[in-house]
Amino acid sequence: MATAAYAGPTLDKITSRGSIKAGVGTTPGFFSPDSSGRWQGFFVDIGRALAITALGDPEKIEFTSSSPQQRLPALQAGEFDILLSGVTITPTRALQLGFHFGPTVFYDGQGLLVRKDLGVTSAAELDGATIGVQSGTTGELNLADFFRKQGKSFKPLTIEDTRQFNAALEEGRVDAITQDSADLVGKQRQLKNPENYVLLPERLSKEPLAPAIAGGDDRWLELVNWTVYALIQAEELGITSENVDTFLDSQDPSIRRFLGADPSLAQAIGLDPKWAYNIIKNVGNYGEVFERHLKPLGWERGYNNIWTNGGLLYSPPFR
């Protein structure tokens, strides 16, 4: 007989509190408050989808900005139930620090944003350059590894608060700044003269970004997993927030299970039969979330496309 996933202290706290506490960053397109203070963005919508799965309401989640230096200790201390701040999956974080990761929701890589007047077209040409890098991130190690392999040198200027990156670049204190390319696209748009800077083509690392939670709560991890998979599965099936109601009469068994027209799957796993339907109706599928928040910043889908369109996103079957 199958054993249900263990519900541990995190999910118990969420249920008792009636809301999820999520740590986020401050990168436009991914997570940022709008003019009224309401959080918006790619990762924010994933959080709202998770609130539907866990609590049946997209608004039952509280977002708090946390820096890369603070976020993992805060998660470990129980200040957050989940980090939706673009955390890179690494074995150190998983096996040494004891964090669990949901599915990769955004495939990224570390890039370099440089002053155009330097005249460089590749990262290898930055020999001796001063580069701004955020302290307490994998970016410091990736940068050192890259220049060591190239046989070149650089001068790091560590900056704790990434909001100071643009000032360092504009004031000439650094020749370049480095972060995940997703962050740099947003940083470039915020510069006073964005056309005076260029994002170099190289990616210094693989940065699979995923939701992160503390260990010891199997069911909470699985709710995170299957929320992400629901967003991906909906896109694969062609189900959107606009057309989801037209699929409720489908005779396709997989669609009926997915949307809860056949409630047997949801009953077996202890969820509201309409949990996936409610996610798609309120938040949309993965593609809609991407188009809504990242397409306006110039992002193309690339690796972040579903597998049937040549990307890396793939959902297990809903059975």
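The protein chain comprises twelve helices and 13 strands, where helices (H or I, at least four residues) and strands (E, at least two) are DSSP runs numbered from the N terminus. Its radius of gyration is 21 Å, close to the 20 Å that the globule rule gives for 319 residues, so the chain is as compact as a globular protein of that length. That radius is taken over C-alpha atoms, and the rule is 2.2 Å times the number of residues to the power 0.38. This is a predicted model, in which local features need pLDDT of at least 70 and side-chain atom pairs count only at pLDDT 80 or more, while totals for chains, interfaces and linings use all residues. Residues are numbered from 1 along each chain as its sequence is written, and side-chain values use heavy atoms, with hydrogens and water left out.

**Overall dimensions and surface**

- The C-alpha trace spans about 65 × 40 × 40 Å along its principal axes.
- Of the 319 residues, 52% count as buried, meaning under 20% relative accessible area (1.4 Å probe, protein chains only).
- The chain exposes about 14,300 Å², of which carbon and sulfur atoms supply 50%; accessible areas come from the Shrake-Rupley method with a 1.4 Å probe.
- Among contacts with a separation of 6 or more, 71% join residues 24 or more positions apart, a contact being heavy atoms within 4.5 Å.

**Charge**

- There are 30 positive and 38 negative side chains, with Lys and Arg counted as positive, Asp and Glu as negative, and His and the chain ends not counted.
- The centres of the two sets lie 1 Å apart, each charge being placed at NZ of Lys, CZ of Arg, CG of Asp or CD of Glu.

**Nonpolar cores**

- The largest nonpolar core has 60 residues, and F42, F106 and W220 have the most contacts inside it; such a core is a set of buried Ala, Val, Leu, Ile, Met, Phe, Trp, Tyr and Cys residues joined through side-chain atoms within 4.5 Å.
- Helix α8 (residues 218–237) gives the most to this core, with ten residues.
- A second, separate core of 15 residues includes L112, V120, A123 and L204.
- Beyond four places in sequence, the residues touched by W220 include L11, I14, L50, D81 and I213.

- D45, found in helix α2 (residues 42–55), counts as buried at 7% relative accessibility.
- Not counting residues up to four places away in sequence, D45 touches V283, V289, R292 and H293.
- The C-alpha atoms of R115 and I177, 62 residues apart along the chain, are separated by 9.4 Å.

Conventions. Buried means under 20% relative accessible area, exposed over 50%, partly exposed in between (1.4 Å probe, protein chains only).
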